[in-house]
Structure formats: C-alpha cells, structure tokens
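Please find my notes on the structure below, as numbered points. They are meant for someone opening it for the first time.

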Amino acid sequence: MRRPQRTILGLSIIAAVLASSCASLQQFAALRKVEFDLGDVRGGRLAGVDLNRVRSYSDLTITDGARLAAAVATNDLPLEFTVNLNAENPASNSVTARMIRLQWSLLLQDRETISGVIDTAIALPPGQPQVIPMRMSLNLIEFFGGSATDLFNVAKGLAGADAEPTSVSLRALPTVSTPIGPIDYPSPITIVSHTVGAR
C-alpha cells in the first residue's frame with residue numbers, strides 16, 4: 001500500500017519541479033524581451049559647477065573658471081550626474097519580469113569608465129515603462145586628457161544639449177529572480193543613449 005503513495009509523492013515532486021522550471025524560463029524569457037535604453041541626463045555638475053546654467057566655457061564666471069582650473073591642477077575633476085535608465089516590458093508579454101540586479105559599466109565616447117551594481121529588485125509589469133535613476137560620479141581626468149576647456153566640453157556634451165554630444169552607453173548584465181534562484185543573462189548587453197541633455 002505504501003508503494004502507490006510513494007509513486008504519487010514522487011510524481012508530485014517532479015510536477016512541482018517542472019512547474020518551477022517552466023516559471024523560471026518564463027520569467028527569464030520575459031526579462032530578455034525587456035527593452036532598455038538610456039534617457040536624459042540630469043543634475044550635471046563639474047567640480048561643483050552647474051553645467052545646466054552655462055552654454056560654453058566662455059560663459060563661466062571667474063570663480064567657476066578658477067574652480068575648474070584648480071581641479072585640473074590637482075588631477076581631481078569630479079563629474080556628477082544622474083542618468084535615467086528606461087526599461088519597458090512589452091504589453092504583448094504576459095509575464096512580469098523581475099530584475100533583482102544589474103551590473104553595469106559606463107562608457108563615454110566608447111571609453112569604459114566607472115562600474116557599479118544596482119541591487120534593488122525592480123518589477124517590470126507588461127506595458128508599464130519604468131524609469132530607473134542612476135546617480136554617477138567620476139573623476140574625468142582619470143579617463144580623458146586635455147586642457148580645462150577640453151574636459152569641460154566632454155562634460156557639457158554629456159550633460160547639456162548646447163554642446164557637441166558625448167556618446168553615452170552602458171555595458172550591463174541583468175539578473176532575473178526565478179523560483180529556482182537568480183539567473184544571469186548569458187552575456188552583457190549594450191544599452192545606448194538616444195537622447196542627451198540635462199535638466
């Protein structure tokens with residue numbers, strides 16, 4: 001009498017594992033369908049100078065110019081900004097994608113700069129675009145050379161629409177939550193900015 005019960009229990013376990021695996025594959029497939037792109041850049045500041053209030057290097061005040069020159073002289077020119085990561089799970093996708101981690105590297109002018117990790121779980125329901133603000137800070141001199149004017153133009157091109165645009169992209173590796181544990185993308189993806197400009 002015990003053998004049939006064991007058989008039923010074994011089949012139940014197998015069914016549960018298969019159902020869990022199927023759900024995992026659905027969630028992973030859902031995240032792979034999510035469309036990522038970089039939106040606008042906000043709050044750009046170079047060595048404390050608000051990039052949104054100046055159009056060119058010649059518009060800097062004497063104080064601002066002295067601040068940038070001093071930062072360049074000490075090889076410490078901090079650039080701070082927030083870039084909005086847009087993520088949209090298509091409405092045609094019936095499964096909510098749940099991203100629990102995003103490892104990223106920032107590329108400026110196709111040059112890899114800083115890296116980081118978003119480790120906050122983010123639910124991406126079908127047809128509901130999400131904006132994920134990413135606060136970033138880097139020493140511009142570590143990655144770009146030139147005079148204070150050249151470095152200002154790189155920063156302004158990232159954070160302002162009035163300068164020659166600076167190309168921005170992320171090399172990212174998303175991780176999705178599943179009933180059998182986290183699953184990483186098989187390889188990093190490149191997320192490109194389609195708009196440049198600070199607010």
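1. Leu 51 sits in the loop between S2 and H2. This is a predicted model, and in it Leu 51 has a relative accessible area of 0%. Leu 51 counts as buried because its relative accessible area, 0%, is under the 20% cut-off.

2. What does Leu 51 touch, leaving aside its neighbours within four places in sequence? Its contacts are Gly 44, Arg 45, Leu 46, Leu 79, Phe 152, Ala 155, Lys 156 and Ala 159.

3. Phe 152 is one of the buried residues of H3, as are Ala 155, Lys 156 and Ala 159. Nine of the 12 residues of H3 are buried, and the helix is mostly covered. From its first C-alpha to its last, H3 reaches 16 Å, close to the 16 Å expected at 1.5 Å a residue. The buried residues of H3 pack against S1, H2, S3, strand S4 (97–108) and strand S8 (168–176).

4. The sheet should be read next. Four strands form an open sheet in the order S2-S1-S3-S7, with antiparallel pairing. Strand S2 (49–50) and strand S7 (130–139) are the edge strands, and each pairs on one side only. H3 packs on this sheet, where it touches S1 and strand S3 (78–88), and its direction makes about 130° with that of S1.

5. How many bridges join S1 and S3? There are eight, in the antiparallel sense, and Asp 37 has Asn 86 in S3 as its bridge partner. Strand S1 (residues 35–46) also pairs with S2, again in the antiparallel sense, over two bridges. Here Arg 45 has Asp 50 in S2 as its bridge partner. The hairpin of S1 and S2 has two residues between the strands, and Ala 47 takes a positive phi near 50° there.

6. The largest nonpolar core has 49 residues. Which element gives the most to this core? Helix H3 (residues 148–159) does, with seven residues. The residues with the most contacts inside the core are Leu 46, Leu 77, Leu 79, Phe 81, Leu 106, Met 136 and Leu 140. Nonpolar side chains tend to be buried together in soluble globular proteins.

7. Apart from its neighbours within four places in sequence, Asp 64 is in contact with Val 49 and Arg 53.

8. A caution on confidence is in order. The mean pLDDT of the protein chain is 81, and 77% of its residues reach 70 or more. Over residues 5–21, however, the pLDDT is below 50, and this stretch has two contacts in the model beyond near neighbours in sequence. Where pLDDT is low, the predicted coordinates should not be read in detail.

Technical notes: Residues are numbered from 1 along each chain as its sequence is written. This is a predicted model: local features need pLDDT of at least 70, side-chain atom pairs count only at pLDDT 80 or more; totals for chains, interfaces and linings use all residues. Side-chain values use heavy atoms; hydrogens and water are left out. Contact means heavy atoms within 4.5 Å. A nonpolar core is a set of buried Ala, Val, Leu, Ile, Met, Phe, Trp, Tyr and Cys residues joined through side-chain atoms within 4.5 Å. Buried means under 20% relative accessible area, exposed over 50%, partly exposed in between (1.4 Å probe, protein chains only). Two strands pair if DSSP finds at least two bridges between them. Axes are lines fitted to C-alpha atoms, for helices over the stretch in contact, and angles run from 0 to 180 degrees between N-to-C directions. pLDDT is the predictor's confidence in each residue, from 0 to 100. The expected span of a helix is 1.5 Å times one less than its number of residues.
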